[in-house]
Amino acid sequence: MKFDVLTLFPAFFESPLQAGVLGKALEKQLFHMAIHNLRGWAEAPHFVVDDAPYGGGGGMVMKPEPIRRALDAIRREAPRSRLLLMTPQGRAFRQRDAVGLSREEGLILLCGRYEGIDERVRAWVDDEYSIGDYVLTGGEYAALVIIDAVARLLPGVLGNELSAGEDSFGDGLLEYPHYTRPAEFDGIRVPEVLQSGNHAEIARWRRRERLRRTLERRPELLDEAALSTGDRRLLAELRNRPEEKKE
Ligand code: SAM
């Protein structure tokens, strides 16, 4: 997988892409990154990338020509990559989008700034994504979020391939609680079952906790989760025992 990022602020990506799991994965070439400075496709001598909006009003709008030239050049190298526009007006980015995008050959992430990009650019993009109902100063934040969520799903990026599958949203539910040593801290004991070594019991407890947490915190997720008959029975029990829902 190759990520091509089109941005006015390439430096933004330096440190996040060197740190932690993604930094290691990049070193091992488990995926590839190219950060493109949009200004490089603006015209000399002034390399202007933005202009005032038609109709007046405050702020500046990113011009379409440098974006078009940059995309043409990137696409020559990566003709099958999917072009994603970062915008607060896009579809809410969810885990299932990360899973779908992780199967692509490449992604091009176009980061807006100022008031956003010229509307005509939207005709060329494959998907428009928002990372939440708030407005950021630039699409770079959103691009990093999407790169991280997608890259960690690529083969070999997480040390343990199973861990992504068990995470929250992996099967539509929140994850169960985690504990490590010591067995008692601040007067709170680690549940006995987790110390029992009984894997079947532990698996049952974890499934129940996933359902309990989701019911408590994000009940709307249950409408779309793949639930077995056993899950539904557990949920009915949890609903009938509200004291058990409390954490
Ligand atoms: N005027 C635009 C509007 O109201 O829809 C907001 C522009 S915002 C200040 C500048 C850039 O930040 C956008 O072009 C987009 O690339 C990015 N951005 C801001 N909020 C975002 C969000 N929630 N999700 C994804 N990208 C966002």
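# Strands, salt bridges and a surface patch

Reader: What is the bridge partner of leucine 84 in S7?

Author: Leucine 84 has aspartate 127 in S7 as its bridge partner. Strands (DSSP runs of E, at least two residues) and helices (DSSP runs of H or I, at least four) are numbered from the N terminus. This is a predicted model, where local features need pLDDT of at least 70 and side-chain atom pairs count only at pLDDT 80 or more, while totals for chains, interfaces and linings use all residues. Residues are numbered from 1 along each chain as its sequence is written, and side-chain values use heavy atoms, with hydrogens and water left out.

Reader: How many bridges join S5 to S7?

Author: Five, and the two strands run parallel. Strand S7 covers residues 127-130. Two strands count as paired if DSSP finds at least two bridges between them.

Reader: And what holds paired strands together?

Author: Strands of a sheet pair through backbone hydrogen bonds, either parallel or antiparallel.

Reader: Which way do the S7 side chains point?

Author: Asp127 and Tyr129 point one way, while Glu128 and Ser130 point the other way. All four are buried, a word that means under 20% relative accessible area; exposed means over 50%, and partly exposed is in between (1.4 Å probe, protein chains only).

Reader: In what sense do S5 and S6 pair?

Author: In the parallel sense, over four bridges. S5 spans residues 82-92 and S6 residues 106-110. Leucine 83 has isoleucine 108 in S6 as its bridge partner, and leucine 85 stands opposite leucine 110 in S6.

Reader: Which helix makes a β-α-β unit with S5 and S6?

Author: Helix H3, residues 95-101. The unit is right-handed, which means that, with the strands pointing away from the viewer, the path from the first strand over the helix to the second runs clockwise.

Reader: Which residue lies in the loop between S5 and H3?

Author: Phenylalanine 93 is in that loop. With a relative accessible area of 16%, phenylalanine 93 is buried.

Reader: New topic. How many salt bridges are there?

Author: The count is 24, taking a salt bridge as a side-chain nitrogen of Lys or Arg within 4 Å of a carboxyl oxygen of Asp or Glu. Among them is glutamate 192 with arginine 189, whose closest N and O atoms are 3.1 Å apart. Arginine 189 is partly exposed at 42% relative accessibility.

Reader: Which residue forms a salt bridge with arginine 207?

Author: Aspartate 231 does, with the closest N and O atoms 2.8 Å apart. Arginine 207 lies in helix H7 (residues 199-217) and aspartate 231 in helix H8 (residues 229-240), so the pair ties together parts that are 24 residues apart in sequence. Aspartate 231 is buried at 5%, whereas arginine 207 is partly exposed at 23%.

Reader: Where is arginine 208's partner, glutamate 237?

Author: The two side chains meet in a salt bridge at 3.3 Å, N to O. Glutamate 237 is in helix H8 and arginine 208 in helix H7, 29 residues apart. Arginine 208 is buried at 17%, and glutamate 237 is partly exposed at 30%. Salt bridges that share partners also join Asp171, Arg207, Arg210 and Asp231 into one network.

Reader: Is isoleucine 202 buried or exposed?

Author: Buried, at 10% relative accessibility. Isoleucine 202 is in helix H7.

Reader: Last one. Which residues form a nonpolar patch on the surface?

Author: Phe9, Met60 and Tyr114, with about 260 Å² of accessible area together. Such areas come from the Shrake-Rupley method with a 1.4 Å probe; for residues, only the protein chains shown count as cover. Patches are made of residues with over 30% relative accessible area and no salt bridge, joined within 9 Å for like charges and within 5 Å for nonpolar side chains (Val, Leu, Ile, Met, Phe, Trp, Tyr). Phenylalanine 9 is partly exposed at 36% and sits in the loop between strand S1 (2-7) and helix H1 (20-27).
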